[in-house]
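Hi,

Here is the structure I promised to pass on. Have a look at it first, and then read my notes below.

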Amino acid sequence: MTPSLCSADWDDSALPAWGSAKDARVIVVVEVGGSWGRDAVADAGLKSPKGATLYVVRSPGRHAETPSLQRVIVSGGFDNEPWLVTGKLNAPGVSAFLSGDVVDESWWAKFGFERSDEPALLVCTNGVRDTCCAVRGRPVAQSAYAAEPTRTWEVSHIGGHRFAPTAIHLPSGQTFGRLTGDDAAALAHVATTDALPAELFSRAKHRGRVDLSPAQRVAETWWREQHPDLPLTPPVAICEATKTDGGESVELPDGTTLLVTTHKGPELRDSCIKNPKPSQYYEGSLDHA
């Protein structure tokens, strides 16, 4: 019998996705066409710039070869004033750009980068890394691409295949899972000053902002569930987490405290190629102590 997809098993478990985003302070994406291997960044011969997380992207659909001028996007400021800059470089230019300070405005100017108000949606479709990302991610990427073709990209491994289809929204740095085609189209369309459909900022789908700790991510999702009209930016002010005997405490914007606890769940696979093991998830509740 053909095994089920790991993400389908996690869907059936109804365990929350909040807190599960992959860490990043600055994100750089480089357009690399064709088929991807398990480590798409290394296979492309690219080296991650200092202090940044590097992904490769391609347009959804038939995977054409890498263009002579590759799109490069850099995004950061997730905790304060999110920003995004973009440019097009040939292969030697890409390598040269990645070798320098990718958050330095003078470095951007040297390579012809410009600030952009247009968001980017990165939908994970790296099927060689995990089957879920191809089987479930590609149709979702196509739906977003049909709605916003200039804003939607397929992206290499961003973690969390168990919550596929997954995506990162830039420049907000917000990460999501268990997306539908309509979810992805909404994410591709939305600007940072807009509010999203409430279900996207739920514990089931919101994996969190990339620059926060897991406990802080849970706290932000919890706060956004209580305030569904909040836009993507400005970022929600979430304090540092403090370890306690029972878990981690995070002060919320109104001064109350959320207690975030870690729990063991049923045996599940984190990836389609791995064996089941006890799952881990987070819960959050107001601390009335």
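A residue is called buried here when its relative accessible area is under 20%. Please keep in mind that this is a predicted model.

I'll begin with the salt bridges, of which a search of the whole structure finds 13. One of them pairs R178 with D11, with 3.1 Å between the closest N and O atoms. D11 sits in helix α1 (residues 6–13) and R178 in the loop between β9 and α7, so this pair ties together parts that are 167 residues apart in sequence. R178 has 13% relative accessibility and therefore counts as buried, while D11, at 29%, counts as partly exposed.

K205 and D183 form another salt bridge, their closest N and O atoms being 2.5 Å apart. Here, too, distant parts of the chain are linked: D183 belongs to helix α7, K205 to the loop between α7 and β10 (206–209), and the two are 22 residues apart. Both K205 and D183 are buried. Salt bridges with shared partners also join D11, R136 and R178 into one network.

For contrast, look at E105 and R115, whose closest N and O atoms are 3.4 Å apart in their salt bridge. E105 is in helix α4 and R115 in strand β5 (residues 114–115), so the pair ties together parts that are 10 residues apart in sequence. Both of these residues are exposed.

Back to helix α7 (residues 181–189): besides D183, its buried residues include A184, A185, L187 and A188. Among the elements covering the buried residues of α7 are β6 (120–124), α6 (137–147), β7, β8 (167–170) and β9 (174–176).

Next, the nonpolar cores. The largest has 24 residues, and V28, V30, L46, V72, V74, F97 and F113 have the most contacts inside it. At least two residues each come from several elements, including β1 (27–31), β2 (53–58) and α3 (91–98). Leaving aside residues up to four places away in sequence, L46 touches V30, V32, V41, L54, V56, V94 and L98. Another core, of 18 residues, lies apart from the largest one and has V29, I73, F78 and C133 among its members.

Finally, the largest pocket has a volume of about 250 Å³. It is lined by 19 residues, and R71, I73, E118, T150 and W153 are the closest to its centre. β3 (70–76), β4 (83–89) and β7 (152–155) each give two or more residues to the lining, with the largest share, 3 residues, coming from β4. By type, the lining residues are 9 nonpolar, 5 polar and 5 charged.

Enjoy exploring it!

Best wishes

How values were computed
Residues numbered from 1 in each chain as written. Predicted model: local features only at pLDDT ≥ 70, side-chain atom pairs only at ≥ 80, totals over all residues. Heavy atoms only, no water. 1 Å grid on protein atoms, 1.4 Å probe; cavity = no way out; pocket = protein on both sides within 12 Å on 5 of 7 lines; lining within 4 Å. Points joined across faces, edges and corners; volume = space filled by probe spheres on them. Helix = DSSP H or I, 4+ residues; strand = E, 2+ residues; numbered from the N terminus. Nonpolar A, V, L, I, M, F, W, Y, C, P; charged D, E, K, R; others polar. Core = buried A, V, L, I, M, F, W, Y, C linked by side-chain atoms within 4.5 Å. Buried < 20%, exposed > 50% of the residue type's maximum accessible area, 1.4 Å probe, protein only. Contact = heavy atoms within 4.5 Å. Salt bridge = Lys/Arg side-chain N within 4 Å of Asp/Glu carboxyl O.
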